[in-house]
Amino acid sequence: MSQRSSESDSETSSRPTPANAIGEERILDAAYELLLAIGMRRMTMADIARHAEVSRATLYRRWPNVQAVVAALMTREWTIALVSAFQPDAADGRARLVEGVVEVVAKTRVHPLMRKIIELDPEFLTPYLLERRGSSTVAHLALVEEGLRQGQADGSIREGDPVWLARQIILVSLASAVSGPVMAEKDEYPKLDEELRVMLTRYLMP
C-alpha cells in the first residue's frame with residue numbers, strides 16, 4: 001500500500017461521523033443511562049452529547065432540549081412495551097385486549113424510567129396527565145381502539161363507540177400505572193393487576 005493511500009485512509013477514519021449516520025438509538029440509550037444515574041433535572045444537552053459521543057450540534061438538530069429527548073425516550077420505551085404486550089394467541093379479542101392492557105400497566109408501574117421521573121422530576125409528567133396527550137398516549141389509544149374493533153367483530157366485546165371506550169380504558173389504566181404504588185406495596189401489585197383485569201373484562205363484556 002502506498003504512503004499516499006495510507007494517509008488517505010487515516011484521514012478518512014479520523015473524520016467525524018456525519019450527523020445523519022448517527023443512530024437515534026445510540027443517543028436515546030445514552031439519555032436513558034444518564035436519567036437513571038442523575039435524574040432529568042440535572043441532565044443537560046451537553047451531558048447527553050458527551051455520553052453519546054456526538055456533537056451538541058448533532059443533538060440539537062434532532063431535539064430542542066432535554067425534555068424533548070426524554071419525551072422521545074418515553075415514546076420508545078412504551079412502544080416496545082406495547083408491541084410485546086398485545087399477542088395474537090388469545091382466545092378472543094376481549095381477552096387479547098384486556099391482557100395486553102394489564103401487561104402494559106404492570107410494566108409501566110415498575111419501569112425504571114417511570115419510577116425515576118416520578119421520584120425526582122414528577123413535574124415532567126404533569127402536562128401529559130392534565131393538559132395534553134403525548135405521542136405515547138396517542139399510540140396507546142390507537143392500539144386499544146383497534147383491539148376494541150376486533151373484539152366487537154368477533155362478538156367478545158360489547159357494542160359502543162371504540163373511541164370513547166378506549167379513552168375510558170386509558171384513564172383507568174393510567175391511574176393504576178401511576179398511582180398504583182400509592183395504593184399498594186410492591187409485592188401486592190399482582191392484586192392491582194387482577195382487579196384491573198376483572199374491571200376491564202366486565203366493562204367490555206357483551
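**Figure 1. Arg115, a partly exposed residue of helix α7**. Leaving out residues up to four places away in sequence, Arg115 touches Arg109, Val110, Ala177, Val178 and Pro181, a contact being heavy atoms within 4.5 Å. Arg115 and Val178 are 63 residues apart in sequence, yet their C-alpha atoms are 9.0 Å apart in space. This is a predicted model, in which local features need pLDDT of at least 70 and side-chain atom pairs count only at pLDDT 80 or more, while totals for chains, interfaces and linings use all residues. Residues are numbered from 1 along each chain as its sequence is written, and side-chain values use heavy atoms, with hydrogens and water left out.

**Figure 2. The chain as a whole.** The secondary structure comes to eleven helices and zero strands. Of the 206 residues of the chain, 38% count as buried. Among the contacts with a separation of 6 or more, 67% are accounted for by residues 24 or more positions apart.

**Figure 3. The largest nonpolar core.** This core has 49 residues, and a nonpolar core is a set of buried Ala, Val, Leu, Ile, Met, Phe, Trp, Tyr and Cys residues joined through side-chain atoms within 4.5 Å. Those with the most contacts inside the core are Ile48, Val70, Met74, Leu97 and Leu148. Two or more residues are given to it by each of α2 (24-38), α3 (45-52), α5 (66-85), α6 (93-110), α7, α9, α10 and α11 (189-204), and the largest share, nine residues, comes from α5. Not counting residues up to four places away in sequence, Ile48 touches Ile27, Ala30, Ala31, Leu34, Met43, Leu59, Val66 and Val69.

**Figure 4. Helix α6 and its buried residues.** With 18 residues, α6 reaches 26 Å from its first C-alpha to its last, close to the expected 26 Å, a span found as 1.5 Å times one less than the number of residues. Its buried residues include Gly93, Arg94, Leu97, Val98 and Gly100, and what covers the buried residues of α6 includes α5, α7, α9, α10 and α11. At the start of the helix, a side-chain oxygen of Asp92 reaches to within 3.2 Å of the backbone nitrogen of Arg94.

**Figure 5. Ser156 in the loop between α9 and α10**. This loop runs between α9 (135-153) and α10 (162-183), and Ser156 counts as buried because its relative accessibility is 6%. The side chain of Ser156 makes a polar contact with the side chain of Asp154 at 2.6 Å; such a contact is a pair of N or O atoms within 3.5 Å, where within protein one must be able to donate a hydrogen and the other to accept it, and residues adjacent in sequence count only if both atoms are side-chain atoms. A polar atom of the Ser156 side chain also lies 3.5 Å from the backbone nitrogen of Gly93. Ser156 and Gly93 are 63 residues apart in sequence and 6.2 Å apart in space, C-alpha to C-alpha.

**Figure 6. Glu53 in the loop between α3 and α4**. Glu53, which is not a glycine, has a positive phi of about 60 degrees. Most residues other than glycine have a negative phi. The loop that holds Glu53 lies between α3 and α4 (56-62), and Glu53 is exposed, with a relative accessible area of 66%.

Definitions and conventions
Helix = DSSP H or I, 4+ residues; strand = E, 2+ residues; numbered from the N terminus. Buried < 20%, exposed > 50% of the residue type's maximum accessible area, 1.4 Å probe, protein only.
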